[in-house]
Amino acid sequence: MGIVQTIAAVVLAISLMTFVIFFGRLPVFRRTPIAWLYNFFVVHVPNAILAIDRRTTGGRFTASLVRFGHFMMNDKHPTVLVFFLLLLAGSEYMAVPTAWGLLSGLQRFTVAVFCTLPYVFLYLAAYSDPGTVSMSSLKHHMMLYPYDYALFQPGVRCHTCNLLKPPRSKHCPICKRCVGRLDHHCIFINNCVGVGNHHWFLLLILSTAVLASYGGWLASSLVGQQVQERFPNWSLLPWRARDSGQPMSWSTWLILLSWGLKNHVQLGSIGLLGLLISPLIWGLLVYSMWNVWTGQTTNESLKWSDWKCDMEDGYVYKRRMSHERRLSMVAAPGVPASGTRWPVEAEHVLYCAHDGTPPAQNDKTLAGVGEWEKVYSLHDVENIYDLGFWNNLKDIFVPNYQFNTLGLPPVERRGRPRKRTARK
Ligand SMILES: [Zn+2]
Ligand SMILES: [Zn+2]
């Protein structure tokens, strides 16, 4: 019993900690135990350590720790990528040679393919250009998407790169460059996830999730087979109990399982690691696919979350975009009169009045025409970057896909309401 409990507890604790640290600050977890745990680990625990250190060493210990933490989180280095590679290679090294002799020909082939794919996608995600915006690529990035006059306004310059910011781009402070359709900077691949490598990143998560689940299931079932060979009655299912005809009790079942794990420690721990860690990776995939479904990047979902707060406070106004002006042409140098390759243009301009006073109707410095109306919820605004799941997926997987030849029906051309993408 001891060994099963210890392995399970350690793996479960590591999985939970990783989940909380990586996902705890996402808006979707606000006011949930995940966010409380995140605050506990990221705010309260460091503060307590800081207080103790001030009393004992005058703060020298934490100062060096902060420098190290800053280096780990804010500098570009492959430490986490190497850790990820070691975890992947170490688990395979522990499990594959032991299991190989027990596998059928088809299983050996599947294992070989599933073990190789994450390395291929990791290489492609880590070493592809995520879509760096430079003088020479600026025109290309301006042609990808129109400005939505909500999250992305024309004419804004990146202070560091001193280049105009193309729609959906963001400056990555770790890589010190602007990246087209930046989703986030990922420390596992030591690279940004952007318009150039988003598809490799999704395939990396998918292949790692498949490897963890399949590896976990295969290693555990091999341990199960070994136990069953030694104890033919080992099963919780009544119809599988061969001699006694009685279902086995949970405690006996677990004792015999721990015998199996003790005799096949390597396979057993990899099996448990795979099974416990795979929900985490599938969770990351589901979160990434949710963003594809709603047509937004992680960066945009954080921005929309801020807009939602401002809307609830009554600071947000919108008005009609003037169709007479080809604003995208004026705003984005290099974009021809026919527009970008995107089939939808902004229909409204959003404006946030932080002092609460509505903007003047005749304010010529602001885009759009007519009366400003107050916006109270995300339901009342549209996300022009959402063309529906399959088109959003196509946008990620087919580089520079020419959507404007799609011939979308007029209702789609007007953009879709954000209803489906609203976050509670
Ligand atoms: Zn920049
Ligand atoms: Zn980056």
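Q: How many bridges join strand 5 to strand 7, and do the two run parallel or antiparallel?
A: Keep in mind that this is a predicted model. Strand pairing is read from the bridges between two strands. Here three bridges link strand 5 (residues 316–320) with strand 7, and the pair runs antiparallel. Look at Arg320, for example: Val369 in strand 7 stands opposite.

Q: What is the order of the strands in the open sheet, and which strands stand at the edges?
A: Just follow who pairs with whom. The three strands come in the order 6-5-7, with antiparallel pairing. Strand 6 (348–352) and strand 7 (369–374) each have a single partner strand, so one side of each has no neighbour in the sheet. Ignoring direction, neighbouring strands here are turned by 25° against each other on average.

Q: At what angle do helix 7 and helix 9 pack?
A: Helix 7 (residues 198–230) and helix 9 (residues 265–294) pack at about 150°, their axes 7 Å apart. That's why helix 7 is roughly antiparallel to helix 9. Their crossing is left-handed, and the contact residues split into 16 nonpolar, ten polar and no charged.

Q: Where is the kink in helix 2 centred?
A: To find a kink, compare the axis directions on either side of a residue. In helix 2 there's a kink of about 35°, centred on Phe40. Helix 2 (residues 33–56) still reaches 33 Å from its first C-alpha to its last, close to the expected 34 Å. Just after helix 2, Gly58 has a positive phi of about 70°.

Technical notes: Residues are numbered from 1 along each chain as its sequence is written. Chains are lettered from A and ligands numbered from 1 in the order in which they are written. This is a predicted model: local features need pLDDT of at least 70, side-chain atom pairs count only at pLDDT 80 or more; totals for chains, interfaces and linings use all residues. Axes are lines fitted to C-alpha atoms, for helices over the stretch in contact, and angles run from 0 to 180 degrees between N-to-C directions. Helices (H or I, at least four residues) and strands (E, at least two) are DSSP runs, numbered from the N terminus. Angles under 35 degrees count as roughly parallel, over 145 as roughly antiparallel, 65 to 115 as roughly perpendicular and the rest as oblique. A crossing is left-handed if the near helix is turned anticlockwise from the far one by less than a right angle, and right-handed if clockwise. Ala, Val, Leu, Ile, Met, Phe, Trp, Tyr, Cys and Pro count as nonpolar, Asp, Glu, Lys and Arg as charged, and the others, Gly among them, as polar. The expected span of a helix is 1.5 Å times one less than its number of residues. The bend at a residue is the angle between axes fitted to the seven residues ending there and the seven starting there.
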